[in-house]
Amino acid sequence: MSLNSTPSGERLHIGIFGKRNAGKSSVINAITGQDLAIVSHVKGTTTDPVLKAMELLPLGPVMIIDTPGLDDSGDLGELRINKAYQILNKTDIAILVVDATVGITKADNEILEKIKSKEIPYIVVMNKMDLLPHVPKDYGDNYIFVSSVDSTNIFQLKELIAKQAVADKHKFPIIKDLLKPDDTVILVIPIDKSAPKGRLILPQQQTIREILDANATALMVKENGLVKALLNLKAKPALVVTDSQIFETVAKTVPKDIPLTSFSILFARHKGDLFTLAAGAKTLDNLKDGDKVLISEGCTHHRQCEDIGTVKLPKWVNDYTGKKLIYKYTGGVEFPLDLTPYKIIIHCGGCTLNEREMQYRIECAGDSNVPITNYGIAISYMRGILERSLKVFSEI
């Protein structure tokens, strides 16, 4: 995906599910008009979930996810099926592809029940209608018969997919609702060893774009340029947004009458549940020796010597609590099914995750009675500036 394309976390995620040889890959190719998925008569061609970002009319930017067959066999097959089920956690629209010559099977019904239980909008695609002597009528509003071979009803399928989409799935934007036209926002962006060469990280890019959408001005500085930037402005900035790693330093520099928050906190509101994550941070005070802490990230970046998730954050938590804690780290789509061993979960901002998956992780924590917070909120709480960091949000 190019640097100028819609980020994966902001795309509508369409998960394609079904048994082996139901024609999932053929349906994907027919929907997209491209050979995105490998088509073969050999069962189990798709062995792992495959994600492909693309534009799909009339929806726009989407993420198509091709999953392994739900009737895969053996120990390895069971692992593949579990991977397919995990994809449901990030699926905005589910498409169940059924071989119409066979009909809906037990495996199809099992995944369909899981889709319904998660309240995911869905479509059941009865594929291979070209092989049927006649096509049944009145099968149901969420059902459609298609042929991926001759493209019969593929246009109608795309229209049906579009009807399942929610127009604006985010409850809150990142920052634009906090601003008025002509406001100035200072973004404090450290450039250290962990910063990507030649570009800004995704949360910074997306925040800048929303500031421009609000007809406001984004002023970007490194931490050593913050004092000069504040002095040079004729009027106070409407808001200062900082990287969480330098929260304490920036808080000491920015006058108390200027609102201050972090990129991570903005994304906690945008994709998660700011109230729940803020409450979770306060449970850091309850940790005891030997407690397990889960630090989870949505991406799988290359970790460096001063990595925030595996190095800086554990050190800060140890220093704050004074306890000997046990840390577990996960990244990407990996997220433990059993959260009960942990006393707290500290999650990243989730910029690469879509809203459904971020909400799923928060709900899993709630179901397991395990507090959850995120990097920026935890850091601001440990530095004694959480209350100040949340003042800009009228809903808190």
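## A tour of the sheet and the aromatic side chains

Start by selecting Ile 16, which stands opposite Asp 66 in E3. This is a predicted model, in which local features need pLDDT of at least 70 and side-chain atom pairs count only at pLDDT 80 or more, while totals for chains, interfaces and linings use all residues. Residues are numbered from 1 along each chain as its sequence is written, and side-chain values use heavy atoms, with hydrogens and water left out.

**The sheet**

Select strand E1 (residues 12-18) and strand E3 (residues 60-66), which pair in the parallel sense over five bridges. Two strands pair if DSSP finds at least two bridges between them. Strands (E, at least two residues) and helices (H or I, at least four) are DSSP runs, numbered from the N terminus. Strands of a sheet pair through backbone hydrogen bonds, either parallel or antiparallel.

Now show the open sheet of six strands, with mixed pairing and the order E2-E3-E1-E4-E5-E6. At its edges are strand E2 (50-56) and strand E6 (143-145), each pairing on one side only. On average, neighbouring strands of this sheet are turned by 25° against each other, direction ignored.

**Helices on the sheet**

Next, select helix H1 (residues 24-32), which packs on the sheet and touches E1, E2, E3, strand E4 (93-99) and strand E5 (122-127). Contact means heavy atoms within 4.5 Å. The direction of H1 makes about 165° with that of E3. Axes here are lines fitted to C-alpha atoms, for helices over the stretch in contact, and angles run from 0 to 180 degrees between N-to-C directions.

Helix H4 (residues 154-164) also packs on the sheet, touching E1, E2, E4, E5 and E6. The direction of H4 makes about 165° with that of E5.

**Aromatic rings**

Rings of Phe, Tyr and Trp (its six-membered ring) pair if their centres lie within 6.5 Å; planes under 30 degrees apart count as stacked, over 60 as edge-to-face and the rest as tilted. By this rule there are two aromatic pairs. Select Tyr 320 and Tyr 381: this pair is edge-to-face, at 6.2 Å centre to centre with 65° between the planes. Tyr 320 is in helix H10 (residues 308-321) and Tyr 381 in helix H12 (residues 375-382), 61 residues apart. Then select Tyr 327 and Tyr 329, a stacked pair at 6.4 Å centre to centre with 15° between the planes.

Finish at Trp 316, where Arg 383 lies over the ring face, 5.3 Å from the ring centre. The rule asks for NZ of Lys or CZ of Arg within 6 Å of the ring centre and within 35 degrees of the ring normal.
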